[in-house]
Amino acid sequence: MSLEIILRSGLSTGTILLFAAIGEILTELAGIQNLGVEGMMLLGAMAAFKTALATGSPWLGLLAGIAAGGLLSLAHALVTIHFQADQVVSGLSLTFLGTGLALVLGEGLTGQNAPLISNATIPLLSKIPWLGRIFFADLNILVYIGYLLIPISWWYINKTRPGMHLRAVGEKPAAADSLGINVYGVRYLYTFVGGCLAGLAGAAISIAISPGWYSNLTTSGQGWIAVALVIFAQWNPLRAALGGYLFGMLRRFMLDLQGPMLLFGLRNPFFYNHNLVFFLQMMPFVLTIIALVWGSASARRLRIGAPAALGIPYVRGERG
Amino acid sequence: MSLPYHLRIQKRTEEVPRWLPLATSVGAIILAFLISALILLLIGGDPIRTFGYFFNAAFGSWGALSDVVVKATPLLLIGLGCGLAFRMRLWNIGAEGQFYIGAFFASLVPLVPLVDMETTPKFVILLMMALLGMLGGGLYGFIPGYLKAKFNVSEIISTLMLNYVAVFFNNYWIYSEFSDAGFQMTPVFAKSAWLPRLADYAQEVRAFSGITLHLGVVFGLIAAFIIWIIMSRSRWGYEINLIGDNPQAARYAGINITRNVILVFMLSGALAGLAGMSEVSGVVHRLQERISTNYGFSGVIVAWLAKLNPFATILVSFLFGALIVAGREIQPSGLYFFIQGTILFLVISSDVLLRYKIELVRTAPEEAK
Amino acid sequence: MRVIYQKELMTTTPQLRPLHEEQTNAVEMRDIVLRFPGVLANDHVNFTLRRGEIHALLGENGAGKSTLMNILAGLYKPETGTIRINGEHAVLNSPRDAISRGVGMVHQHFMLVPTHTVTENILLGLDDPGFVMRLPRYDQKVAELADKYGLKVQPTAKIWQLSVGEQQRVEILKTLYRGAQILILDEPTAVLAPQEIQELMETLRLMVREGKSIVFISHKLNEVKQVADRLTVLRKGKVTADGINLEDVNKETLAELMVGRKVIFQLSKKPHTPGEVVLDVQNVSALNNRGLPALKNISFRLRQGEILGIAGIAGNGQSELAEVITGLRPCQGRILVNCTDVANQPPKRAIDQGTAHIPEDRTGVGTAPGMALTGNMIMKTYDRAPISQKWRISYTAAREFASNLKEKYDIQAPSLSTQVNKLSGGNLQKVILAREISGGPKLIVAVQPTRGLDVGAIEGIQNLLLEQRDNDSAVLLISEELDELLDLSDRIAVIYEGELVGEFPAEEADLKTIGLMMTGELRRQE
């Protein structure tokens, strides 16, 4: 077990969560909660894999994954924005829909080898002692894109005019509306952007970071963890990134724990009683709940809440 | 502006006609099947044959029909539990986990065994199993309820996470302590831990031969009746309805919200736990992996489609039971999820018709000019 | 004294104003019709705003004033009718169109984003700060504009940190920043203390001198008489007086135009001797929703058969005071209702001690909007016989109970199974009052009981409260309407930043002192 491997693995798998969580943050800041991340990710993963396989180009696959997630999210947008349906139920049905579509269209993809998005090393930065080797050498290109997405999304949300409009729409849509901001338009846009990023996260799994198509095990609940991460991150992309990477590292650590080594000078119980591994596999989910308890408590203490209009349909002339 | 007619969409001010919710639900289901047929066509399937096969697999014989009811039983119990929680706007998505824990608790009776399986009367064993199943599910429902009430932790996320935890927990036991000679399942329960099936009486009534229908369905029907009594006749039901409509008003009326959140979550979990017991004791007769074919999630849809009405839940779970039975037979396997998702989407979309009146009206002459 | 001062200003201002009769009007609205489900909100309404005038739009709540002005602000589209702004035909499809034609509106419920800064709120929806905003530069601009109009406010402050009065200034700045020439103010004085109203008026006059035109929406006769040059009266969506000069009418005529019948400004308040202490609040402190102190060491007593009025500007701790007494908010200190401490106890404790609560938020707290009339009526009695029978509820008894109340309090509803979100504001308030009073309460905590209701309903509710006092209930009346407090209360206490800063018997109270106390400029001498 080496720290270096855990860190690098965390950066890789964390990138998947990061894409999905930042997407969901953007959607939720506009006042729309989309619980269908898991479905959008799975559909994105399938679309990316299938397209890459068919065209031979992983980049076309990536685009297909993004488009698939985005298109699916539009169903949620239509139902929750125009039809004012309950966002929780709509998000759940989106999960079923995405999962179902991915399984139907992904029939027969298991076991195939699609062309993948490759790893890369950043020329100068990788020369930095130790840090360069960990952060900038031989990682998937998408990991570097993730690095860029973090500050850009933070800056976009907090420092730009469209970002200010986005926050206004999620916080007090009536105010935004009275100043001529198109509330429905903004909500559609960011639901779509969130869907695209979820699709990207799915594509990052199937054709980049842990490649392959394993039907619904491809995402194995990471979409839900991304949703939890948003609450833990208190709608801040920086915290979401940190949480995503930490989570990735933990996962790797859990995997390493199953090896035949000594643990603090003790025989590793997980190696000798292999069934205990089930308890290790539980840990990401247990940790998510613990993080959520901690996140909810600190949000309450600091009085940081969800965007005020989150989950509430906007109808002109009604309160809210 | 120059069209002679236009759509007018208006908020309903008068009460919704009684037939409309039913009509929209039925319409949504029919539409969902049409869309699925379209998808089947697009991927090169034959929708008519598939659905014909579908129908046959579900209703083609008494045996098939009995299979449908068997599959509908856990859906009914889970749907009732979810419906109860949804009344209070508690999103219990964790029925899947509560189902597994309930099944595990109930299985302890024959597996440990907690009582002598030979001498103890069968109904005592079954009663213990049912109670333990409910206890397990109830305790597992307590966790998200408590976290929600005390720390305001989103129950959607916590119940979902707990689903995964429950599956791994269950796996540990069936792979290790209770494993049947290293297989990923426990030994078959002693016969005294089996819920009675119609097939058991094949000697008395010839027609029952091979009919797998078991007593669990009676649990479901009784539960539906009890939930109906609670929701429409009891003080507790009034409190639940009030909290669901406006929690602020409920607090103002002196109702203890924390306690009710936890209690409702526990009851909801207990029903899912009972479903788990009914499944291991009535169908599988052992604890193993994949005792649930996504009952937990389907139960959510069942509850919503039934508009949280206990009696409607009976009908809808029957329909979904048919879907599962037929779904086993058809390819591709994801179609089942897809149909479920589409139905739910269409149902919530159609709700807009309950809140708005959409009519075609003649454009006013002043406006047309 | 205040009134005289204002009259003087009124007579001097017109001379400062350039009035050109031949000039085009700022706004002409003709034949405006707008229907909401179930109501004709504007029924062929005409409205003319001259350039450089303050025009009052008077009418009862629900008369269609705000609707008419929302049409002018581009929020609603009329079904028929034409709008001319500065003589030009205007089609207003969105607020953007209205803003570009120089129309700005300050809504009654402020349209501000609480988590944004003042400057961000002012810039919202504009194209000028480029894609990348450099906020400090705009903070400077906002500060300059604020200075020019005497609208003191900190540009970098977040909205939630501001008082209601400051928030209103931000709203006005928002319209000024957009270069509004036509300013609509919807009930602007409702949230202000008398002195603040004075400051607002000065700002408005400054704006009028610059040639801007102002529409001033109000339902208060006195205020309109003081402020406006001309006025239009609406009643049930129809114009009953179209741009008449204020000198031409007296208060009684106005009231009649507004309400449609003669209005007798009289309540039947008889002398009454207070009895035992019912409510004893001792050194109570509490935090508001943001975790800031809302109540600071408050103590007072309230007796049987007495109405204690709490005066204050919105957001000075009134809501929190009502909530700690009814058990809805944790606090420090002791609150004795009938000698039982209800502080930090579940709401049930206060209810069992005979506390009735008429909450500020009728749909958010006082009722379950999606429930039927019966369900709402039994909210406080569902767990008592005869409605409650062991574990079950007798809906027969419940319906009988609800039906009696519906009749007794004359609640207009199609049936007992009507959802209460289909009721009008006045009927909804009657539902709450009927329910709360039916229990024969010892203590009534009434928060803004008449806000947003029409004259008939206000009269009815005020009389009900007086009746309860005469039946020896203790009434804590929290209101922002000074007139209402003066009319109903036996004693008046003033709350400012969570402290009680003064208390008088009602007959000794004068508006000026109360006003100074409401803004914290005066405290009780001790």
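Two strands are said to pair if DSSP finds at least two bridges between them. Helices (H or I, at least four residues) and strands (E, at least two) are DSSP runs, numbered from the N terminus.

The structure is a predicted model, in which local features need pLDDT of at least 70, side-chain atom pairs count only at pLDDT 80 or more, and totals for chains, interfaces and linings use all residues. Residues are numbered from 1 along each chain as its sequence is written, while chains are lettered from A and ligands numbered from 1 in the order in which they are written.

**Exercise 1. Describe the hairpin of β9(C) and β10(C).**

Step 1. Strand β9 (residues 230–235) of chain C and strand β10 (residues 238–245) of chain C are joined by five bridges in the antiparallel sense.
Step 2. Opposite C:Arg230 stands C:Asn245, a residue of β10(C).
Step 3. Two residues lie between the strands of this hairpin, and C:Lys236 takes a positive phi near 45 degrees.

**Exercise 2. Work out the order of the strands in the open sheet of chain C, and find the helix that packs on it.**

Step 1. The four strands follow the order β12-β11-β14-β15 (chain C), with antiparallel pairing.
Step 2. At the edges are β12 (293–303) and β15 (340–341) of chain C, each of which pairs on one side only.
Step 3. Inspect one pair: β11 (residues 277–287) and β14 (residues 332–337) of chain C share five bridges in the antiparallel sense. C:Asp280 has C:Leu336 as its bridge partner in β14(C).
Step 4. Helix α10 (residues 318–325) of chain C packs on the sheet and touches β11, β12 and β14 of chain C. The direction of α10 makes about 60 degrees with that of β12(C). Axes here are lines fitted to C-alpha atoms, for helices over the stretch in contact, and angles run from 0 to 180 degrees between N-to-C directions. Two residues are in contact if their C-beta atoms, placed from the backbone, lie within 7 Å.

**Exercise 3. Compare the span of helix α5 of chain B with the expected value.**

Step 1. The expected span is 1.5 Å times one less than the number of residues.
Step 2. Helix α5 (residues 122–151) of chain B has 30 residues, for which 44 Å is expected.
Step 3. From its first C-alpha to its last, α5(B) reaches 43 Å, close to that value.
Step 4. Just after α5(B), B:Asn152 takes a positive phi of about 55 degrees.

**Exercise 4. Characterise the side of chain B that touches chain A, then the side that touches chain C.**

Step 1. Chain B gives 40 residues to the contact with chain A, and chain A gives 41.
Step 2. Helices α5, α6 (155–175), α11 (295–305) and α13 (335–350) of chain B each supply at least two residues to this side, with α6(B) giving the most, 12 residues.
Step 3. Sort the residues: Ala, Val, Leu, Ile, Met, Phe, Trp, Tyr, Cys and Pro count as nonpolar, Asp, Glu, Lys and Arg as charged, and the others, Gly among them, as polar. The side of chain B that touches chain A has 28 nonpolar, 11 polar and one charged.
Step 4. Turn to chain C, where 27 residues are in contact with 20 residues of chain B. The largest share of this side of chain B, five residues, comes from α8(B). The side of chain B that touches chain C divides into five nonpolar, eight polar and seven charged residues.
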